[in-house]
Amino acid sequence: MEIKKQKNFKNGVVYCLQLEDGMLVETTDTFLPFYTKDAIGRKQNSLDNSNLGNRSERWMIGVSTMSGCPVRCKFCATGNMKKYRNLTADEIVGQVFFAIKKAGFNPESAKEFKINYTRMGEPFLNIEAVKEAIERISKVYPNTHHYISTIGIQGSDFSFIKDNVTLQISLHSFDEQKRNWLIPYPKKMSIEELGRIRTESNLKTTINLTLVDESDFNAELLQIYFDKKHFFIKLSPINPNNISEKNHLGEGVIEGVNLV
């Protein structure tokens, strides 16, 4: 893997990496102090001071499971890519080791080390390679916590989501018709089906809501479908790009920059 582009920010870096066949992937290296697990202020999750800590607190590496993506979410910049393909387990693991090498920090020295399968691609459309990557990474760094993000592909098997593997569901709207527009991939689970998912993870399943409009949130449906014993809600902003602008989505309802 070679660095095609690198963008540094206050507490991390985004890498655009080029694979041997010329395809591109995105990998992130982010660190945050523990307190950012709690949103600060209403409708935003900005940090309230300049002390961002370091990798010894919360270190998160975000990896791609595909180069490009067939899901084509209306606010995702990956939609710029005309082609896509699944990554091999080697290519997924390679992103993690690449980020560790560039950081020059041992994950075993971090109080919390996470790998987020949240960058390019839908992990459950490449799930066997993802599972192999998790197994291989966990042998080297057994305390790693793996977060797998999905729109909820029909027919998915969630039985392997246990212990240090946690599921994150991209919901984005409680209006089924609006969600179908935001996430145009046809073979996805309904909101009701998503609410029936149960895992054996050490942590609750996260429901991620990138809210375009306040009407996309519905507290009554949240209570009906997503039992608080099993689900945790995360509200995320839109990170504006030419795809989101083309679809006139603005910056969404939630303020702040989501880095997890």
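Does His 172 count as buried or exposed, and at what relative accessibility? In this predicted model, His 172 counts as buried, at 4% relative accessibility. The cut-off for buried is under 20% relative accessible area, so His 172 falls within that class. His 172 lies in the loop between β10 and α3 (176–182). Most residues other than glycine have a negative phi.

Asp 163 is another non-glycine residue with a positive phi, here about 55°. Asp 163 belongs to strand β9 (residues 162–163). Its relative accessible area is 46%, so Asp 163 is partly exposed.

Asn 54 is set in the loop between β3 (24–32) and β4. Asn 54 is partly exposed, with a relative accessible area of 39%. Along the chain, Asn 54 and Met 1 are 53 residues apart. Their C-alpha atoms are separated by 26 Å.

Helix packing was examined next. Two packed helices are described by the angle between their axes and the distance between the axes. Helix α1 (residues 89–103) packs with helix α2 (residues 127–140) at an angle of about 40°. The two axes are 8 Å apart. The angle makes α1 oblique to α2. The crossing of α1 past α2 is right-handed. From α1, the contact involves Ala 89, Asp 90, Ile 92, Val 93, Val 96 and Phe 97. These meet Ala 129, Val 130, Glu 132, Ala 133, Arg 136, Ile 137 and Val 140 in α2. By class, the contact has ten nonpolar and three charged residues, with no polar ones.

The nonpolar interior follows. In soluble globular proteins, nonpolar side chains tend to be buried together. Here, the largest nonpolar core has 61 residues. Within this core, Tyr 117, Phe 124, Ile 148 and Phe 226 have the most contacts. Two or more core residues come from each of the strands β2 (12–18), β4 (58–62), β7 (112–117), β10 (165–170) and β12 (205–210). The helices α1, α2 and α4 (191–195) also give two or more.

Phe 226 illustrates these contacts. Leaving aside residues up to four places away in sequence, Phe 226 touches Leu 171, Phe 174, Ile 191, Leu 194, Gly 195, Ile 207, Leu 221 and Phe 231.

Note on methods. Residues are numbered from 1 along each chain as its sequence is written. This is a predicted model: local features need pLDDT of at least 70, side-chain atom pairs count only at pLDDT 80 or more; totals for chains, interfaces and linings use all residues. Side-chain values use heavy atoms; hydrogens and water are left out. Axes are lines fitted to C-alpha atoms, for helices over the stretch in contact, and angles run from 0 to 180 degrees between N-to-C directions. Helices (H or I, at least four residues) and strands (E, at least two) are DSSP runs, numbered from the N terminus. Angles under 35 degrees count as roughly parallel, over 145 as roughly antiparallel, 65 to 115 as roughly perpendicular and the rest as oblique. A crossing is left-handed if the near helix is turned anticlockwise from the far one by less than a right angle, and right-handed if clockwise. Contact means heavy atoms within 4.5 Å. Ala, Val, Leu, Ile, Met, Phe, Trp, Tyr, Cys and Pro count as nonpolar, Asp, Glu, Lys and Arg as charged, and the others, Gly among them, as polar. A nonpolar core is a set of buried Ala, Val, Leu, Ile, Met, Phe, Trp, Tyr and Cys residues joined through side-chain atoms within 4.5 Å. Buried means under 20% relative accessible area, exposed over 50%, partly exposed in between (1.4 Å probe, protein chains only).
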